[in-house]
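Trainee: I'd like a close look at just one part of this model. Could you walk me through it?

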Amino acid sequence: MAANKFELTDYQWFAVIVCAVLGAGITILPRTVAISAGRDGWLSIILAGAGACLFALLLWLLCRKFPTKTLPEISVAVLGRLLGTAVSVLYILYAFVLAGAIMRVFVEIIDTWVLIWTPDYVFYLLLLGVTVYVARMGATTLARLMEIITLLTVVVFLIWLTPLGEFNSLHLLPVGAEGVVAIAEGALEAFFSFLGFEALLVFYPLIANQQKVLKVTLIALVFITLLYAGNVILTFGVLGVEHTMLQKWPVISYLRVGSLPFARRVDTVVLFFWTAQIMGGAAVQYFAGTYSLAVLTGRRFHDIWTLVCWPAVFLVAAAPQSLGQVFKVVDLVGRWGGALVLGIVLLLLAVAQVRGLDERGESAK
Amino acid sequence: MKKVLLLVLCLSLVLVGGCWDVLVVEELALAFAIGIDHDVNNPRRFILSMTNPTFSETSQSDTRKILTESYSLSNAFFNLQRQRERILVLGQITSIVFSEEAARSGLLHNIMRQVDQQRDMNPNVHLLIVRGHKAQDVIFMKPEENARVAVYLDKVMNTNFTAGEAPRISASRYWVSYSTAGIDPVIPVIELTGPGEEEKKTDGVIITGLAALDYTGRMQGFLNDKQTYYFMLLTGQNHRSRMTTRLDIDGQVRDTSFYVKDVSLKVKPALENGRPRLALKMALEVDVINIEWDVDVEQEGVDEIIETALARDFQGNALEVIRLTQDWGTDIVGLGQHMRIKYPRWFKDERWRQEYRNAHITLEVKVKVRRVGTLIRPQY
Amino acid sequence: MIAWLAILAHLCNLQSFGVPYMSPLAPLRVSDFGDYIYRKSMRWMRSRPGLTAEKNIVRQRGVEEKRHGRQ
């Protein structure tokens with residue numbers, strides 16, 4: 001066999017990142033950046049994307065030192081058994097919280113715009129059912145599924161362009177008038193939408209071509225940044241910044257302006273296909289969490305962990321009582337979650353550097 | 001494991017498929033067009049009229065027309081539902097007709113604000129204001145061209161947009177121009193036509209112009225059909241424009257009709273002593289269909305004379321449209337946006353409402369005539 | 001949609017003789033697309049599928065017989 005059964009190809013890794021990151025954040029993005037940065041919201045996104053690329057670089061530096069170890073193994077090796085396990089558990093909790101948050105935001109949209117009367121738990125159970133099923137089957141299956149979902153996303157983005165008849169570029173001018181501080185604030189708010197690629201910490205040993213990982217990751221992040229920035233530009237152009245700031249879900253309002261020959265409501269068509277993306281994002285995070293747990297228990301019992309951990313994600317998704325609380329959770333996860341992972345990575349890097357630990361060096365001995 | 005999966009899949013097929021919630025078209029009351037009128041007895045209420053096809057062989061008529069009074073839009077729809085044996089569905093509404101009183105008094109904006117929050121209504125509905133009649137008269141008319149009122153209205157608006165006679169104004173465009181600083185909304189105006197007395201006209205509608213609304217969504221002024229052309233040229237909506245005008249050439253007034261092939265408008269904003277000044281430059285490419293001038297059009301200089309006359313005509317009429325909007329205080333052309341782009345610190349939406357009235361606006365027009373008809377002597 | 005995803009996930013998991021069921025769509029091998037949705041004519045297929053024929057990729061030329069050809 002050309003490729004080892006358990007390894008991801010380049011395009012598969014690209015697909016995993018794209019599916020993990022592109023998710024619920026995109027629908028609230030125009031409003032969050034408009035509040036901080038006004039018309040220049042799309043510049044904030046580009047800034048946030050650059051930040052994400054730097055973040056990815058840090059991740060890669062850490063992973064490069066330990067080519068066959070996933071995050072729990074790295075942290076145990078670097079920090080010792082007790083502290084290492086604690087750090088891993090923090091990451092696992094973060095992964096579950098992120099999965100829950102993604103699902104909750106999506107279910108809020110569906111509950112508001114599409115299926116108003118269906119009780120929420122039905123959505124959570126259905127999504128979780130598929131997520132658990134996908135995560136059980138392992139990384140390669142996950143990656144193959146993500147590949148197919150990315151192809152689906154291309155179709156979705158074609159449909160995304162239908163409201164362009166109403167585009168007015170005057171809404172986006174003048175560029176840069178809001179000032180650098182406002183744009184930077186907007187970038188911070190936008191960061192929730194970029195979370196997801198830190199799964200590299202867990203997937204690194206599973207990637208076939210580790211020489212090209214950094215390149216693929218950066219290409220994926222640039223691609224995502226362009227998509228997000230393009231989405232904000234389109235929303236501002238069609239709805240105008242003032243009207244965007246009035247909307248709770250600006251992208252849905254933007255999509256409703258479009259029309260297809262066979263569908264009156266473009267937003268429901270897009271949401272239908274977007275379900276796949278959401279499931280992809282949740283599945284990648286859930287897999288990252290449960291695989292880390294399995295690694296902590298000696299690289300065994302992964303299938304049992306996947307069957308057992310879903311209540312955690314369910315709780316996170318069902319916990320917020322109102323839309324205001326959902327947005328608070330999103331804010332929290334975006335700021336503190338990102339900070340947490342950044343902190344973990346920096347800590348591990350620093351300690352590994354200090355202790356002179358490097359797996360690559362060991363094989364040379 | 002496989003058996004569990006099979007069981008789960010079958011269960012989900014039955015429980016989640018939603019068979020009991022199916023909406024069959026014959027059981028739906030599909031609202032296609034609604035009309036909004038003032039209630040003369042109670043200023044806080046309004047009257048909603050609706051038409052929808054019945055899709056039933058046993059009903060007496062093809063369409064069902066209803067009136068209901070209410071305080072709010074949702075309330076009106078609930079009232080409507082209480083009268084029907086079918087489930088009311090709003091997603092197919094294609095036109096909303098307002099009476100002129102509703103437009104002038106602020107009821108229009110009140111309703112539009114509520115439409116924005118009705119999740120199943122279509123943001124691409126046509127908005128119309130009717131003069132001289134109530135909105136219910138439009139909804140209850142019997143058009144000659146098409147049995148269904150809503151389909152007729154929808155097609156009138158779409159066809160005229162394609163033919164360059166009216167701009168495409170949808171609900172979302174209204175909301176966007178209302179909210180956006182530096183531009184105000186505009187809505188097409190229709191009147192009922194037909195033989196017979198004023199009260200009895202029910203044959204159809206004619207698009208007579210545009211209503212200019214101010215920043216509160218109240219109608220302030222009316223542009224007639226000729227002025228509508230110039231408005232559309234000023235806002236770059238020159239989709240297949242055909243126009244007629246009367247040109248002053250050689251001491252005589254001559255009827256001219258032409259296609260406008262291309263329009264471009266450049267706006268140069270400036271601030272002089274705190275007073276806004278806008279220099280507009282319009283360039284047009286024109287293809288003359290017919291001109292009432294007995295001259296050999298292939299002669300030297302004829303094109304230039306027509307170009308100059310056209311330029312003067314455009315300049316005069318377009319400036320007149322702009323002056324009218326300045327009098328009304330409605331910046332429907334969107335010149336405020338250009339001021340905002342050039343002077344982001346100076347521009348404030350509240351201030352622009354006053355400043356626009358005093359803005360000094362000049363217009364320079366340049367016309368290029370591609371050809372003058374198909375005859376050498378158009379007035380032979 | 002969710003059920004479709006579940007079925008798709010199951011398909012992605014299947015392998016036949018070690019070759020993933022959804023190949024060449026996932027993992028993506030564009031060179032193998034000639035056989036996937038619509039079969040190219042045998043004459044135009046210059047290479048064998050990558051996953052099964054690692055070293056022997058290039059097919060021998062001049063081997064296809066005429067259709068219904070009998071000597």
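Trainee: Let's take chain A: of its contacts with a separation of 6 or more, what share comes from residues 24 or more positions apart?

Mentor: Keep in mind that we're looking at a predicted model. In chain A, 84% of the contacts with a separation of 6 or more are accounted for by residues 24 or more positions apart. Now the overall form. The C-alpha trace of chain A spans about 65 × 45 × 45 Å along its principal axes. Its radius of gyration is 20 Å, which agrees with a compact globule, because one of 365 residues would have a value near 21 Å. On burial, 55% of the 365 residues in chain A are buried.

Domain 1 of chain B puts 18 residues into the contact, and domain 2 of chain B puts in 24. On the domain 1 side of chain B, the elements giving two or more residues are α6 (149-162) and β9 (204-213) of chain B. The largest share of that side, five residues, comes from β9(B). By residue type, the side of domain 1 of chain B that touches domain 2 has eleven nonpolar, five polar and two charged residues.

Conventions
Residues numbered from 1 in each chain as written. Chains lettered and ligands numbered in written order. Predicted model: local features only at pLDDT ≥ 70, side-chain atom pairs only at ≥ 80, totals over all residues. Contact = placed C-beta atoms within 7 Å. Helix = DSSP H or I, 4+ residues; strand = E, 2+ residues; numbered from the N terminus. Nonpolar A, V, L, I, M, F, W, Y, C, P; charged D, E, K, R; others polar. Rg over C-alpha atoms; globule rule 2.2 N^0.38 Å. Buried ≥ 20, exposed ≤ 12 C-beta atoms within 10 Å, placed from the backbone.
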